[in-house]
Amino acid sequence: MITHSSLISLLQTALPLEGEQGGGLSYFFLQHYWCFVVALLGAILVFLLFVQGANSVAGSLGYTEQGRRLIYNSTGRKWEFTFTTLVTFGGAFFASYPLFYSTSFGGAYWLWMLILFTFVLQAVSYEFQNKLGNFLGPKTFQFFLTLNGILGPLLLGGAVATFFEGSNFIVEKGNLIGLPSLTGGVGGGSLVISHWANASHGLDALLNPWVLVLGFAVVFLARTLGILYIMNNVDDEDIRSRGSVRLIGAAVPFVILFGAYLVHLLLKDGYAYDPATGVIFMEPYKYLHNLLDMWYLLVILLIGVLLVLYGIAIEIFGPNSQFSIFNSQLNKGIWPAGIGTVLTVLALLLCSAWNNTAYYPSTADLQSSLTMQNSCSSEFTLRTMFYVSLLVPFVLAYIIYAWRAIDRKKLTREELESSSHTY
Amino acid sequence: MLSLLLTSLPLGGEQGGGLLSAIDWARAQFALTAIYHWLFVPLTLGLGLIMSIMETKYYRTGDAFWRKTAQFWQRLFGINFAMGVATGIILEFEFGTNWSNYSWFVGDIFGAPLAIEGIVAFFMESTFVAVMYFGWEKVSRGFHLASTWLTWLGATISAWWILVANSWMQYPVGCEFNPDTMRNEMTSFADVALSPFAIDKFCHTAISSWIVGAVFVVAVSGWYLLKRREAEREMALKSIPIAAIVGLLASVLAGATGHKSAQTVAAVQPMKLAAMEALYDGGTAQGLKIVEGIEVPYALSFMATNDFNGFVPGINDILKGYTREDGTVEPSAQEKMERGRAAIAALAAYRKAKAEGADASIVNSQLSIINSNMPYFGYGFIKDEAELVPPVAVNFWAFRVMVGFGGLFILFFAVILFFDWRKKRPTPNPSREGGELLPITGEVGRGSFPAWLLWLAILLVPCAYICSESGWLVAEFGRQPWTIQDMLPVGASVSDIGSSAVATTFWLFLALFTTMLAVEINIMLKQIKRGTAPHPAPPQGGK
């Protein structure tokens with residue numbers, strides 16, 4: 001069990017420190033710590049997108065009305081974790097890197113609004129779909145779940161891709177006091193600190209093919225994880241046998257798309273900055289250099305990728321499959337694949353920000369790019385929030401305890417008939 | 001075409017996609033989403049408490065009746081809870097999408113409560129609400145009871161942190177401005193988290209939410225009694241006193257915490273108090289208006305200062321400047337605006353001097369001007385002192401609606417408890433004792449509650465919501481034009497988004513939330529009509 005103090009020691013010894021050294025909670029350390037926390041929340045969020053993934057394939061995986069109900073009732077017991085992690089991810093980002101919050105959310109307006117819109121639809125769909133009095137009909141809410149199941153991962157994946165591909169914005173903190181009528185002409189005449197440099201407000205990201213590649217990779221990853229989760233969580237032979245076949249259709253495009261993006265990432269120029277001056281510049285093979293400089297991230301990434309592949313393989317080639325090779329435990333692929341997803345995404349997100357890298361690059365004005373240094377909260381706030389974050393292990397502990405209590409017995413058709421609360 | 005139509009709507013401010021019209025839409029959208037969200041939160045907090053009490057009765061007695069009763073109210077809780085979750089996510093992200101400048105200018109302070117809310121409260125809610133619904137047959141009675149209470153506690157803690165954040169906007173403390181980073185930075189977390197404004201606001205808001213839950217339970221129970229629903233009669237008769245006790249306690253405490261809140265508002269937001277009272281020219285020994293022309297002598301002074309002869313400034317006093325009772329002089333609006341402009345100009349000069357590597361004495365002299373005028377920084381963005389006056393009519397009437405209904409609820413719950421206490425005829429319980437069914441007519445069918453009282457309970461459900469929303473109207477309209485009191489007006493807080501974009505999302509959310517509200521109400525009514533009957537399985541079918 002890794003304690004917080006050991007984690008701090010580990011991070012302080014492992015980080016490529018170039019700023020303040022020392023054993024205390026330096027500003028430099030806190031910036032990296034909060035980047036780690038936000039990246040971890042982001043990684044857990046991507047894992048929890050199995051809810052969306054399963055919903056997006058509910059029609060074919062469930063096949064019958066009752067089969068679909070089993071899937072919706074299975075994901076319906078987990079959807080709040082995904083939702084809560086998304087909200088906490090946003091809150092943690094706001095608290096630790098407020099300039100990202102104001103620039104990305106205020107700039108890539110349509111991208112984030114679309115994401116939120118689909119999650120709003122999802123939030124009511126479970127509770128409402130099969131209730132008497134739902135005059136829109138169950139199909140409407142099942143459609144909402146499918147829509148969220150596809151658009152949610154696609155747009156969130158696309159948003160993650162912008163950490164590497166860049167976005168079209170300009171930041172000028174002096175703008176707030178730049179209104180000529182107020183200051184007698186001082187400043188540039190604009191009041192808003194962060195501007196999007198084109199009129200599409202975030203939708204332009206979807207014109208970048210590499211953003212789409214990572215976006216669709218996340219869609220198929222979510223589907224892969226969703227199928228693995230359902231195979232584990234629902235005790236139904238029909239669904240499980242269909243799952244091992246459907247898994248191939250989701251896993252193969254995921255592996256191809258993710259592999260392509262990983263190669264692209266390692267070969268592309270990246271956004272670096274000089275920690276002494278804050279000046280941002282392009283560096284060839286920046287992300288490859290990051291992984292080589294921070295070897296522990298490379299190790300985490302490789303372990304993560306292997307675990308995901310292993311989790312997929314033991315289901316496709318498991319004893320239950322017509323391609324049987326492994327003699328592994330049945331339907332346990334979600335665990336290695338889930339842990340592998342968290343490790344892989346964590347490594348990639350940290351690769352986008354640590355080692356003097358601009359994590360939210362601007363394609364409109366290089367020097368507007370956001371770095372951990374120029375966009376983070378004050379040292380006092382980060383330190384205060386550090387102490388709050390010590391609660392996280394307790395939160396994780398009760399989530400795991402409650403989750404195990406609910407999942408001790410797998411969901412069956414019989415339980416749906418007898419349960420006092422179903423969707 | 002749609003955008004053209006939307007931008008042409010006369011919402012006020014500049015038209016045609018300019019910054020001011022985007023401000024209007026951003027405000028309208030935040031108001032819309034906040035009002036919708038607040039339709040669901042009070043019932044979550046109030047019904048959550050009452051259903052937890054009912055499950056506690058099940059835990060202590062082992063009586064299956066209480067389990068069935070708790071499950072019934074939890075089913076209604078779930079329908080409402082889903083909408084609360086759906087409407088809540090937008091609010092957090094709207095700070096970034098619509099109020100980009102705000103997010104940077106105070107994100108160092110404001111982001112922390114939102115993050116803590118997620119870590120501490122949301123996970124608690126989302127984890128234990130799942131156990132509450134799906135754990136009846138899977139966990140022990142004690143664990144289930146704890147989960148139900150923790151679901152309510154999570155919602156309450158969530159309310160605490162979001163009200164801490166809101167209170168900080170009304171009364172910014174524990175921070176200082178950093179001219180190098182161009183933002184306010186936290187200097188004391190304790191001052192932010194335990195601000196007296198936050199404590200008063202939380203107590204008043206959370207407790208008043210219990211009233212909504214209590215009215216809802218009494219009304220639903222009353223409907224069963226009016227309809228002589230035999231299957232739900234015992235549940236109704238036993239739910240009413242529990243809800244009425246919670247309601248009476250909450251109504252009285254809401255009055256007390258409201259009085260405390262009024263004093264805090266008088267101290268730190270005198271303009272809001274003046275607008276609430278439509279008080280243009282203040283003074284000592286001020287009366288509280290019931291409506292224009294009818295007032296309770298000395299009551300406003302007492303409400304604001306705890307002293308019947310206390311001084312309460314009016315709108316004109318605040319604009320012209322006045323002397324507080326402790327002798328401190330409150331500058332006029334014009335002076336504040338001049339000092340705000342001086343702070344902004346000095347800040348621009350400071351940044352220019354630093355960028356050019358100017359002499360330290362020049363930098364320090366500008367810094368000195370910034371610091372001395374910083375309390376009025378936000379006034380530098382105000383062009384006309386008339387902008388400093390919040391909408392008086394809305395504040396005046398919303399305050400009266402809130403207080404009026406609050407007083408009515410005290411009376412209502414007292415009368416309900418009186419009739420419950422007065423109950424002279426025994427109400428047999430055929431279903432549980434196996435006795436012969438009695439004809440359920442008149443007072444026997446309704447317990448001892450007269451029909452008019454039960455109809456009144458049903459009529460009071462929308463009143464409880466109107467009362468609760470009115471409180472927020474007072475809080476939010478009353479602080480206009482500020483997003484952060486004296487520090488940043490709404491006009492300087494927005495994102496660089498065209499008005500058509502914000503208008504489009506406004507209409508989208510209006511359509512979505514209204515449709516979902518209609519579905520939610522219909523489902524809720526059907527669930528109430530069905531009562532405690534088992535949940536039927538959805539229609540079976542092939543692919």
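Start with chain A, coloured by secondary structure: 19 helices and 4 strands, where helices (H or I, at least four residues) and strands (E, at least two) are DSSP runs numbered from the N terminus. You're looking at a predicted model, in which local features need pLDDT of at least 70, side-chain atom pairs count only at pLDDT 80 or more, and totals for chains, interfaces and linings use all residues. Residues are numbered from 1 along each chain as its sequence is written, while chains are lettered from A and ligands numbered from 1 in the order in which they are written.

Of the 423 residues of chain A, 57% count as buried. Buried here is 20 or more other C-beta atoms within 10 Å of a residue's own, exposed is 12 or fewer, and partly exposed is in between, with C-beta atoms placed from the backbone.

Most residues other than glycine have a negative phi, and most peptide bonds are trans. A:Tyr63, in the loop between helix H4 (58–62) and H5 of chain A, has a positive phi near 70°. Its 16 C-beta neighbours inside 10 Å make A:Tyr63 partly exposed. Next, jump to A:His201, in the loop between S2 and helix H11 (209–233) of chain A. A:His201 has a positive phi too, of about 45°, but counts as buried, with 24 C-beta neighbours inside 10 Å.

Now select helix H17 (residues 379–389) of chain A, where A:Thr381, A:Leu382, A:Thr384, A:Met385 and A:Ser389 are buried. Look down the axis of H17(A): the buried residues fall within an arc of 160°, so they line one face of the helix. That arc is taken over the directions from the helix axis to the C-beta atoms. What covers them?

Show both chains: 78 residues of chain A are in contact with 79 residues of chain B, contact being C-beta atoms, placed from the backbone, within 7 Å. By class, the chain A side has 44 nonpolar, 24 polar and 10 charged residues. Nonpolar covers Ala, Val, Leu, Ile, Met, Phe, Trp, Tyr, Cys and Pro, charged covers Asp, Glu, Lys and Arg, and the others, Gly among them, are polar.

Over to chain B. Colour domain 1 (19–276 + 391–426 + 442–530) and domain 2 (283–386); such bounds come from an automatic or database domain assignment. Their centres, taken over C-alpha atoms, are 32 Å apart. The contact takes 18 residues from domain 1 of chain B and 22 residues from domain 2 of chain B.

Zoom in on B:Ile50 and B:Ala214, the residues with the most contacts inside the largest nonpolar core, which has 317 residues. A nonpolar core is a set of buried Ala, Val, Leu, Ile, Met, Phe, Trp, Tyr and Cys residues joined through C-beta atoms within 7 Å. Helix H4 (residues 100–134) of chain B gives the largest share of this core, 23 residues. Beyond four places in sequence, the contacts of B:Ile50 include B:Trp73, B:Val217 and B:Ile242.

Last stop: B:Pro481, in the loop between helix H17 (451–477) and strand S9 (482–484) of chain B. The peptide bond from B:Gln480 to B:Pro481 is cis, with omega near 10°.

Methods
Contact = placed C-beta atoms within 7 Å.
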